[in-house]
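Trainee: Please show me the model, and let us then go through some of its local features in turn.

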Amino acid sequence: QVKHYNDPDDKEGHLYGAILASIREYRKSKERGKYGEYNLAFCAHYVADLSQPFHNIPYDDFNKSRHSFNEGIVEKEVLQNLSRIQDNMYDIKLSPERFEEDLSKEIARIANISRRLGIKLKAEKRNMTKKEIYRQLGHSASLLKAILRYTDGKYQ
């Protein structure tokens, strides 16, 4: 999927590969002395989408009817409830020597968690609870924190 990053003709989606590709583009831009943060903004968007169950299951009638609603459940309150995300965060280590391999594994791990939740929601014909949403946001926030630590050169 990496090669489809910024491909306007890609109709299949490229969420998983776009995370890695946006980081590659960030690093290339920085090496050339260019503004690379634009690519990190895309990365942050894709990492947030990664924990969204409706981005990890087929875009069928169930998904179409609930996708937008589920993305907006906590939209108006999330900034006042950042501690709920922080309570669900955990440490993710991305080794500088194996960064892309480690990142790919973490992307797959979180995508699978999100997919399982999406399948459960569909089977139960329901929307996410706020507890589920904040847990999912914790996955994305944890991964984004690890990515930013890497891109900032702080390999802790």
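Mentor: K125 is exposed, at a relative accessible area of 63%, where exposed means over 50% and buried under 20%, with a 1.4 Å probe and protein chains only. This is a predicted model, in which local features need pLDDT of at least 70, side-chain atom pairs count only at pLDDT 80 or more, and totals for chains, interfaces and linings use all residues. Residues are numbered from 1 along each chain as its sequence is written, and side-chain values use heavy atoms, with hydrogens and water left out.

Trainee: Where is the place of K125?

Mentor: Helices are DSSP runs (H or I, at least four residues), numbered from the N terminus. K125 has a positive phi, near 50°, although the residue is other than glycine. Its place is the loop between α5 (99–124) and α6 (130–151).

Trainee: Is S51 buried or exposed?

Mentor: S51 lies in the loop between α2 (37–50) and α3 (61–72). S51 touches I110, S114, Q136, L137, H139 and S140, leaving aside residues up to four places away in sequence; contact means heavy atoms within 4.5 Å. With a relative accessible area of 3%, S51 is buried.

Trainee: At what angle do α1 and α2 pack, and is α1 roughly parallel or antiparallel to α2?

Mentor: Two packed helices are described by the angle between their axes and the distance between the axes. Axes are lines fitted to C-alpha atoms over the stretch in contact, with angles from 0 to 180 degrees between N-to-C directions. Helix α1 (residues 15–31) packs on α2 at about 160°, with the axes 8 Å apart. Therefore α1 is, with angles over 145 degrees counting as such, roughly antiparallel to α2.

Notes. Helix = DSSP H or I, 4+ residues; strand = E, 2+ residues; numbered from the N terminus. Parallel < 35°, antiparallel > 145°, perpendicular 65-115°, else oblique.
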